[in-house]
Amino acid sequence: MQQNIETTEKPELVIETRNLNIFYNDFRAVSNVNMSVKRHRITAIIGPSGCGKTTLLRSFNRMNELVPGSHAEGEVIFDGQNLYDPMVDPVEVRYRIGMVFQIANPFPKSIYENIAWGARIHGYRGRMDGLVESCLRQAALWDEVKDKLNQSGLALSGGQQQRLCIARALAVQPEVILMDEPASALDPIATLKIEELIQELKKNYTIVIVTHNMQQAARVSDYTAMMMLSDAQRAGTVIEYNETNIIFTRPQDKRTEDYVTGRFG
Amino acid sequence: MGEAIIQSLLFLSGFFSIFTTVGIVYELGKEALLFFQMPEISLLETVTSTRWQPHTGDFGIWPLVTSTLITSAVAMLIALPLGLAVAIYLSEYATPRARSFLKPILEVLAGIPTIVYGYFALSFMTPLLRSILGRDVVDIYNMGSAGLVMGILIMPLITSMAEDALSAVPRSLREAAYGMGATRLETALQVVLPAALSGISAAIIVGISRAVGETMIVAVAAGAGPNFTFNPFKGAETITGHIVRISGGDLSYDSVDYNSIFFLGLLLFFITLALNIFSQRFVRRFREVYE
């Protein structure tokens, strides 16, 4: 069963999927997804393990196709353009839709260079020092690293590394940032910092976050998409999509209710 | 108990390789010392003179050293960029099908006997160079074609080791770069390559050692007879080529020629060692540690 939410709210759509299916060779991992992402809002994708949350997220900036044998059918509309149109360059897509990964993966370069690299490859011509500082400030990391910008990014703690990765994503000035369980490998205090940061970032960016932590989805997101394996096809699909408080207080699908109240999953 | 036995066995195998190296250096050093104790040899002349003609009593090492360095440099000039380019292609661009097709070809290239390469240099590369650059520019025996063919020989070695190093770089680093809208080339050259530099340095070191020590190609194609020149299109004998030529046939024990071989062997050893140390220093400055 599909939930096609008629959007009557004011926020403008940034990403909209139309009958999106994602395959790994013959295996259909994600089936028939219709959902949208709204500008300057945080959209969470929740659901049990293995239901295709990460696959769906990675299809939003065509990171999926780096996996050999994967392909998508259907459309992902971004800025009025289908991202899967043959004319679209995936490099350009990833430039405008950035990504933060589950395990922090800073480059084995200096903290400064981690930020500067992305800007440089896209031909940034402004003052690099200023950009580095502003990205680190936006990622709430500046005060902790301002005296050691030449140290390796890998010398930082796990939570700091993840904030460095967020700062690095900001440096190329994307419109949307996709976050794949960005706090799942972190302790509660580092997690809290990341969550505060995400809240702060939504003023300027649109964020889609995958999480298996329902409290996290409830705390940070404005909209929530609930995914689950559909019984018929064994492929993941979005069974319910709505404002986060509705998903968590008055879900319309029994399976969503069971999941968010912790009866399984 | 079992652990202790295994540990000592492993220690012994490690010790064995060190012992062998020490033994070789000792033997070379002992005989080289005999060389310098001979009345007609002076150390000063050996390290300053640019003439090596044993039959006239001239023992200046420079003509042999320069030709060794020139053939090696030509070889590395070919092998390093080409080998790295192929390694980057195989690790970052090639589909599994292209890889399974290309890797065996490279292995065949690495398995060709060096004597065959030597005659390939003499009967194919030399005429090619002569037809391009002119017969008066390129000698029949010349360092250039020996070096070029040596580069082809060393390339698969560098490719294979460099590809291992590139493939060992975690996928997550590539994803990070792609996720920022980096192209494949930017990712390969600016993220993966610097992270793999320590493994690539090992490939470079092995390549240089192979080039300096390579014998058959230079013996066949680079020219017979020491010649102090920096022109790669002239013929000049390398250290290894010289050892091969004079040690063939009836070399009597404790003659000058006999003792000079050991001195040259020791010299070769130190050239390789010096180049190894230099490459390691060089790489350490630029590598990016990802673990």
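**Contacts between domains and between chains**

Reply: Between domain 1 of chain B and domain 2 of chain B there are zero salt bridges, a salt bridge being a side-chain nitrogen of Lys or Arg within 4 Å of a carboxyl oxygen of Asp or Glu. The model is predicted: local features need pLDDT of at least 70, side-chain atom pairs count only at pLDDT 80 or more, and totals for chains, interfaces and linings use all residues. Residues are numbered from 1 along each chain as its sequence is written, chains are lettered from A and ligands numbered from 1 in the order in which they are written, and side-chain values use heavy atoms, with hydrogens and water left out.

Me: What makes these the domains of chain B?

Reply: The bounds come from an automatic or database domain assignment, which gives domain 1 (1-37) and domain 2 (62-286). Their centres, taken over C-alpha atoms, are 28 Å apart. Ten residues from domain 1 of chain B and ten residues from domain 2 of chain B take part in the contact, where contact means heavy atoms within 4.5 Å.

Me: How much area is buried between domain 1 of chain B and domain 2 of chain B, and what share do carbon and sulfur atoms give?

Reply: The buried area is about 900 Å², with 83% from carbon and sulfur atoms; this is the accessible area (1.4 Å probe) that two parts lose on being put together, summed over both. Of what domain 1 of chain B buries against domain 2 of chain B, B:Leu28, B:Glu31 and B:Phe35 supply 57%, more than any other three residues.

Me: Which residues form a salt bridge between chain A and chain B, and why is it called one?

Reply: A:Arg58 and B:Glu175 form it, their closest N and O atoms being 2.6 Å apart. That distance lies within the 4 Å limit for an Arg nitrogen and a Glu carboxyl oxygen, so the pair qualifies. The count between chain A and chain B is one salt bridge.

Me: What else describes the contact between chain A and chain B?

Reply: It takes 23 residues from chain A and 20 residues from chain B. The two chains bury about 1800 Å² between them, 64% of it on carbon and sulfur atoms. A:Leu66, A:Pro108 and A:Trp117 supply 30% of the area that chain A buries against chain B, more than any other three residues.
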